There are 2 protein chains.
Amino acid sequence: MDLSRAAAAALDTADPLAGFRARFAGVEDDLLYLDGNSLGRLPVETPAAVARVVEQEWGRGLVGSWSSWVEQSRRIGDVLAEGVLGARPGEVLVADTTSVDLYKLLVAGADARPGRDVLVCCADDFPTDRYIVAGVARARGMTVREVDAHIDTGLDLDVLAAALDERVAAVVLSQVAYRSGALVDIAEVTRLARDAGALVVWDLSHAAGAVPADLTAAGADLAVGCTYKYLNGGPGAPAFLYVRRELQEQLRQPIWGWFGARDQFAMGTAYDPADGVDRFAVGTPPVLAMAAVEVGARLTAEAGIPRLAAKGQALTDLVVALADEWLAGHGVTVASPREAARRGSHVSLAHPQAWQLTQALVDRGVVPDFRTPDRLRLGPAPLYTRFVDVWDAMDRLRSVLAEGAHAGYPTERSRVT
Amino acid sequence: MDLSRAAAAALDTADPLAGFRARFAGVEDDLLYLDGNSLGRLPVETPAAVARVVEQEWGRGLVGSWSSWVEQSRRIGDVLAEGVLGARPGEVLVADTTSVDLYKLLVAGADARPGRDVLVCCADDFPTDRYIVAGVARARGMTVREVDAHIDTGLDLDVLAAALDERVAAVVLSQVAYRSGALVDIAEVTRLARDAGALVVWDLSHAAGAVPADLTAAGADLAVGCTYKYLNGGPGAPAFLYVRRELQEQLRQPIWGWFGARDQFAMGTAYDPADGVDRFAVGTPPVLAMAAVEVGARLTAEAGIPRLAAKGQALTDLVVALADEWLAGHGVTVASPREAARRGSHVSLAHPQAWQLTQALVDRGVVPDFRTPDRLRLGPAPLYTRFVDVWDAMDRLRSVLAEGAHAGYPTERSRVT
């Protein structure tokens, strides 16, 4: 691999997604933004789309705009289903937060497996996933089985398989691990879980928009995910949930709100869940925030997951190669799978002073992400990140380490978030 | 009462809140908007506030803006606590939908009353309230006691008292009934429930911003409410929840997300709920939508609940008086409490062809609200509705009835929502 800056620039020239960069605001700044896995950038179209909803639909249309707004959750869900998740129309809904959606689907899944008293999750999974599992288990008197994953290379499927038996009702698992970026095979895990009679609730937060989910092909039953990372839906944007069509009529979620009821405005006396994925809705979605999700979802679908995933692999390959070449001598190790096909679109680097390195990089115009205790996470979102951005960011990291500039920054203990 | 248009105009001239009308977009249109109890109007400041969050905070600030965003839920909560709800700082949080918030507080309340197996709600309450109660009861094997309320004049407290005994864990009740507008005395109901050892979860959706809640003075324990009605937070805007300070450490809600955890970014292995009202948070709030809630909350607080409530009573008094004078002969009856102190800021009128009347009014530039099967609901939001608006709307309704113009409109059976 040619590790020169000219080689990186040549990759940009050949990049079929290069044109998408101009469709994001702020890219003309010098900032090297490698945190798209935490918060995606603002699409250029979004301010006008949000302003139209605020000023025209709300300000002028008032309640008359509800006819459009009530379709939002399903409309954006269908964009994600077809263009991002490899699911069918009517299987995806945008509503609530990832945590609330995970709660709804996990309870629905556990209810669908009566007599089983174990929930399985991964000990290294994102906190909210483990917390939601713990809360549901506690409320139902169930036991949690936490499966260990390697902090750098992810979950070993043999270890998972050993945890699956006739007591397991449901498994919660991230397709892409939030720290290491390790990718799990949805089809394989689904098969393992199904053999044990359990349902899997996938968390696609760090995966959707970066790697293929292919939910239908993989036979996935349930999934949730974030829209403000690779889907560029804006800070705190409503999440999505997916329920395989064949399961929808069998499942009931626990929060019986009017948006999940059949014939919502009939305001009937008893709750009767709507047909299809609508029954997993609860209350009125935040329409302004939804407008931004729609732009991000359409943009991602337009770029196409195959191209995004290929570029994500190439970008993170470059991170890995430069880390090996430039940073290994400074005590930095690659804390993600080395094989591109086994990771998402971010790479973690381990270093004892990762927090100080993070601060030093920010002061030098690079935005990485820090994950406690010693991980520097680099997420070059393929939709708007150039190969030269990765090269320049790694070059600045190399300089910081060579100069020891990070030594002057406070340690994590003093961190205020 | 002088029922001339000149008298209505004189009330506008004397209105201490008259200046607030110009702070809303679209009021220069001829539209007579009497549906602020369903969706409040757009404040003039909101588009710029939302655009600043989109373009500056997200577009430019990117992840650096989280330091401001993580404060939103509490910051807006404190504005509502002090300026709208009569609660103390640190008792109110803006997050999730009203339905999800109600679910969280109801489960927390039921958990705090172990051994009790009954939930009480009102048979005429808003569907989502009854549905949430039914769902929680079903999941926990509890029984629902539905208390009958008079469809026009609201809940009789003797009837409620008779339903409260040592089996009741929690009561869900709206301060202002969504259909009739009947107002319930929070202090009195809280006392009744406390005597029975039960907790009340108040739904303030149709009350907040229109009538005083005085939660601290009333000794209220738990409440939720909508921000897109009288608080003008925008379609589907995140809701608020209130938990009395003294109860916060005793209660735990069921959806254990990372925003409710102590030291969120430490990402500890076990869920440890945050101190204070923060433990009732779950996931990342929709930041764009929250920005609009903040404008609406501050505007309402600036106007002040005493003035808003007084004007709301005067506006609805005018509706009642004009209905009696002009419409009674056409078969219209007042389906709300006649005493102003016993209702919120909306009035329902009953007529067998209410759905046709609604359509006829919309075609004549009046936006009322229809509630099945025969209610025409008029909500003159005091922050931007003039007395002449009420007079003109009622005058158009009188003309429709006099001309029989509504007869030409389709019946509700053909309604598509």
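A:K229 sits in the loop between β7 and β8 of chain A, with helices (H or I, at least four residues) and strands (E, at least two) taken as DSSP runs numbered from the N terminus. This is a predicted model, in which local features need pLDDT of at least 70 and side-chain atom pairs count only at pLDDT 80 or more, while totals for chains, interfaces and linings use all residues. Residues are numbered from 1 along each chain as its sequence is written, chains are lettered from A and ligands numbered from 1 in the order in which they are written, and side-chain values use heavy atoms, leaving out hydrogens and water.

Not counting residues up to four places away in sequence, A:K229 touches A:G36, A:N37, A:S38, A:L39, A:G40, A:S205 and A:H206, where contact means heavy atoms within 4.5 Å.

The unreviewed UniProt entry also carries a "binding site" annotation, which covers A:T98, A:S99, A:F126, A:P127, A:T128, A:D129, A:D203, A:H206, A:Y228, A:W258 and A:T284. These residues span 187 residues in sequence and their farthest two C-alpha atoms are 30.5 Å apart, so they do not all gather at one spot.

Here are some residues with their burial; buried means under 20% relative accessible area, exposed over 50% and partly exposed in between (1.4 Å probe, protein chains only).

| Residue | Relative accessible area | State |
|---|---|---|
| A:K229 | 10% | buried |
| A:Y228 | 9% | buried |
| A:T284 | 6% | buried |
| B:S99 | 2% | buried |

Contacts between the chains come next. A:Y228 is found in the loop between β7 (222–225) and β8 (240–243) of chain A, and its contacts beyond four places in sequence include B:W258 and B:T284. A:T284 lies in the loop between α10 (245–248) and α11 (287–303) of chain A, and among the residues it touches are B:T97, B:Y228 and B:G236. The side chains of A:T284 and B:Y228 are joined by a polar contact of 2.7 Å, that is, a pair of N or O atoms within 3.5 Å; within protein, one must be able to donate a hydrogen and the other to accept it, and residues adjacent in sequence count only if both atoms are side-chain atoms. B:S99, in helix α5 (residues 98–111) of chain B, touches residues including A:I255, A:G257 and A:W258.

After α11(B) comes B:G304, whose phi is positive, near 90 degrees.

Chain B also has an open sheet of 4 strands in the order β9-β10-β13-β12, with antiparallel pairing; two strands pair if DSSP finds at least two bridges between them. β9 (333–334) and β12 (369–371) of chain B stand at the edges, each with a single partner strand, so one side of each is left without a neighbour in the sheet. Strands β10 (residues 347–350) and β13 (residues 375–378) of chain B are joined by 4 bridges, and B:L349 has B:L376 as its bridge partner in β13(B).

Notes
UniProt positions are given in the numbering used here, feature names are shortened, and annotations may be inferred rather than shown by experiment.
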